[in-house]
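This briefing goes through a single protein chain, topic by topic. The sequence and the model come first, and the notes follow.

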Amino acid sequence: MAVEEGVADDYTQDGTVDLKGNPVHRSKRGAWKACSFIIVYEVLERMAFYGISSNLEIYLSTRLRQGIVNASNHVTNWVGVVWMTPVLGAYVADAYLDRFWTFLISSAVYLLPATATSPPQCSLTSISVHSTLSRIGIGGTKPNISTIGAGQFDDFHPKEKSQKISFFNWWMFGIFFGAFLANIILVYIQDNIGWTLGYGLPTAGLAIATAIFVAGIPFYRHNVPAGSPFTRMAKVIVAAINNWKLPLPREAKELYEWDLEEYTKKKKFRMEPTPTLSFLNKASIRTGSTHPWQLSTVTEVEETKQMIRMIPILFATFVPSIMLAQVNTLFIKQGTTLYRKVGNFSIPPASLIAFVNVSLLVSIVLYDRIFVKIMRKFTKNPRGITLLQRMGTGIVIHALIMFVSCLVERRRLAAARKHGVVESGGQVPLSIFILLPQFILMGIANVFMEVSKVEFFYNQAPESMKSLGTSYSSTSIGVGNFLSSVLLKSVSNISSRHGGKGWIINNLNTSHLDYYYAFFAILNCLNFIFFLVVSKYYVYKAELSDSKKLLTESCNESNNPH
C-alpha cells in the first residue's frame, strides 16, 4: 500500500501530460531537469536577438545615413512590432496547438528567413530580421517559452511551487546573459570586422538554440489547450449584457457553476466568485437557458475578471518600457559623441549595454539569494515582497535613472561648450564611461520591474490563459517602444517650432537631451502615482490550492532549520 501511495504521489497534480497525453511522473519530467534546456535556449536566442537589435541604431545612422530621430524611431517601431506579435502566438497556444507545438512551429518559422536571407548590405528592407516571417516566428516563441518553463513546476507541490518563484529570476538571468554576450562579442565584430559576419553569427546561434530546446523534449511536461480565451471572455461579457436587468442573487452559491468533481474529472481549475467587477457576475445568473452565450460558469466569469483586472497594471508598465527603449537608441547615440579609447582599443557605443546586463546578472543573484531570504523573515511572504511592491520599486528606480541621465547630459553639454565643439558636432573630450551610471541603474531597475512584470502577468493569469497573460508583458514592451517613437517625434517637432533648434537634432552637442530626460523623470513620477492608485485597488488572484500555505510553511522551516 505504501508503494502505491508513493507511485501516485509521483504523478503531477496540475493536469500536465506527455506528448501522447499520458499523465507524467514528477521524477522523470519537468522541474529544473527540463528548465535547464529552456534557460540555455533563452541564452542563445537572446544573444541572437540582441546581436541584431543592440547595434541597429548605429547601423541605420552610419550605413544608411539616417538622422537621430528617424533611426531611433525605426528601431523602436521594429522592436514594438516584434513585442506586439506575441498576442497572436499566445492566442494560438491557449486555444489550439498548446504552448509546445506553437513554440516549435514558430521556432522553425523564426529560423527560416534568417538562414535563407543574406545579412544586410544596403537597405533597411534587406535586414532579414525585419521580414514578416521573423516577426511571426518571434510572436509564437516569446509568450510560450516562459510559460513552458514555468509549466514545468507543479503548483500543487510545495517544493516545486517554491522552485517556480526562482525560475523567473533565473530565466531573466538567461535572457540578459545572452544579451551580455551579444553586446560584448557580436557588437564588437559588427563595428570592427564587418556587418556580414556580425549579423550572420546570430543566425547560427538561433539554430543551435533551437536544437538544444529539441534535445530537451523527453523531459518536458505539456499543458492541454483549453480553447480560445478571447471567445470565452466574449461569451461572459455578452451573457452579462443580456442579463443586465436581472438582480444578482444574495448567495453566491445560487450562481451557475459546475461541481468540483466535474473540474477534477476534466483536470481544470475552479475559481470562487469575487465581489469586484460584480456586473460580470450576472453572466452566471440562472435564466433557464444553458446556451454558452447566455450562461457562463462562475469560473469563466472569474477568468474574464482576472484578465480585465490586470489591464490597469499593464498600463502602468508602459512608461518603464518607454525608458527601456532609450537604452538601444539615445543612450547609444550619446556614446558616439564621447571619447571611446582605452589604450588602442575603441569601445563600440552599443557595448555599453553590456553594463546593463552585468548589473542585472549580479543584482538577480543578490536579489534571489540574499534579499528574498532577508525580507521573508519580516514579511513572511515566500517572494520576500509582493510582485506589485517589486514593480513599484522598479518604477522609482526608472525615475532615478532619468534624473541621473539628465545630470550626465548637462555635464556632457557643458564640456562641449567648454571645448568649442558645439556647432561642429565634434567629439566631446569626456570618457564614454560617464554614461555608466544610467546603464548600471537600468540593470537594477530591470531586476525589479522586468522580472516581476513577467512573473506577475503569468502568475495572475487564469490557468487556462497563461500564454495570453504572459503576452501582456511583451505587449507592455511593444507599446512602450511605439510610445517612445511617438514622444520622440512629437517632442522634436514641438521643440523646433517658432525657429527653435529643437531638443533632439542630429548634432547632439546643440541638442537638449537633458530637457528630454528631465521630462521623462517627471513622467515616471506621475506614473508612480498612477501605479500606487491602481495597485491599491488590485485584488490578487486567489490561490488554486493549499500549496501557498504549504509553501510558506516550507520557507519558514528553511529559515529556521532547528
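**Salt bridges and the chain as a whole**

Glu455 and Arg383 form a salt bridge through their side chains, with N and O 2.7 Å apart. This pair links distant parts of the chain, 72 residues apart: Glu455 belongs to helix H17 (residues 436-460), and Arg383 sits in the loop between helix H15 (353-379) and helix H16 (387-418). The model is predicted, and its protein chain has a mean pLDDT of 84.

**Salt bridges**

- The whole structure contains 16 salt bridges.
- Glu455 is buried, because its relative accessible area is 2%, under the 20% cut-off.
- Lys466 pairs with Glu463 in another salt bridge, where the closest N and O atoms are 3.5 Å apart.
- Lys466 has a relative accessible area of 2% and is therefore buried.
- Glu272 is exposed at a relative accessible area of 52%, whereas Arg270 is partly exposed at 30%.
- As a general point, side chains of opposite charge can pair when their charged atoms come close.

**Confidence**

- In the protein chain, 90% of the residues reach a pLDDT of 70 or more.
- Residues 116-122 have a pLDDT under 50 throughout, and the model gives this stretch 17 contacts beyond four places in sequence.
- Residues 124-130 also have a pLDDT below 50, with 22 contacts in the model beyond near neighbours in sequence.

**Overall make-up**

- The protein chain has 20 helices and four strands.
- It comprises 562 residues, of which 56% count as buried.
- Of the contacts between residues at least 6 apart in sequence, 82% join residues at least 24 apart.

**Helices H12 and H13**

- Helix H12 (residues 298-316) and helix H13 (residues 318-325) have axes that come within 4 Å and cross at roughly 35°.
- H12 contributes Leu314, Phe315 and Ala316 to the contact, and H13 contributes Phe318, Val319 and Pro320.
- By class, the contact of H12 with H13 consists of six nonpolar residues, with no polar and no charged ones.
- Lys305 is also part of helix H12, and Lys305 is buried, because its relative accessible area is 0%.
- Apart from neighbours within four places in sequence, Lys305 contacts Thr274, Thr276, Leu277, Leu280 and Asn281.

**Asn446 in helix H17**

- Asn446 lies in helix H17.
- With a relative accessible area of 0%, Asn446 is buried.
- Beyond its neighbours within four places in sequence, Asn446 touches Phe176, Leu324, Val356, Leu360 and Val451.

**Asn77 in helix H4**

- Asn77 lies in helix H4 (residues 68-84) and counts as partly exposed, at 31% relative accessibility.
- The C-alpha atoms of Asn77 and Ser484 are 8.7 Å apart, although 407 residues separate the two along the chain.
- Setting aside neighbours within four places in sequence, Asn77 is in contact with Phe482 and Ser485.

**Positive phi angles**

- Most residues other than glycine have a negative phi.
- Ala31, which is not a glycine, has a positive phi of about 55°.
- Ala31 is in helix H2 (residues 31-53) and counts as buried, at 14% relative accessibility.
- Leu277, likewise not a glycine, has a positive phi of about 50°.
- Leu277 lies in the loop between helix H11 (260-266) and H12.
- At 39% relative accessibility, Leu277 counts as partly exposed, and Leu277 is also one of the residues in contact with Lys305.

Note on methods: Residues numbered from 1 in each chain as written. Predicted model: local features only at pLDDT ≥ 70, side-chain atom pairs only at ≥ 80, totals over all residues. Heavy atoms only, no water. pLDDT = per-residue confidence, 0-100. Contact = heavy atoms within 4.5 Å. Axes fitted to C-alpha atoms, helices over the stretch in contact; angles between N-to-C directions. Helix = DSSP H or I, 4+ residues; strand = E, 2+ residues; numbered from the N terminus. Nonpolar A, V, L, I, M, F, W, Y, C, P; charged D, E, K, R; others polar. Salt bridge = Lys/Arg side-chain N within 4 Å of Asp/Glu carboxyl O. Buried < 20%, exposed > 50% of the residue type's maximum accessible area, 1.4 Å probe, protein only.
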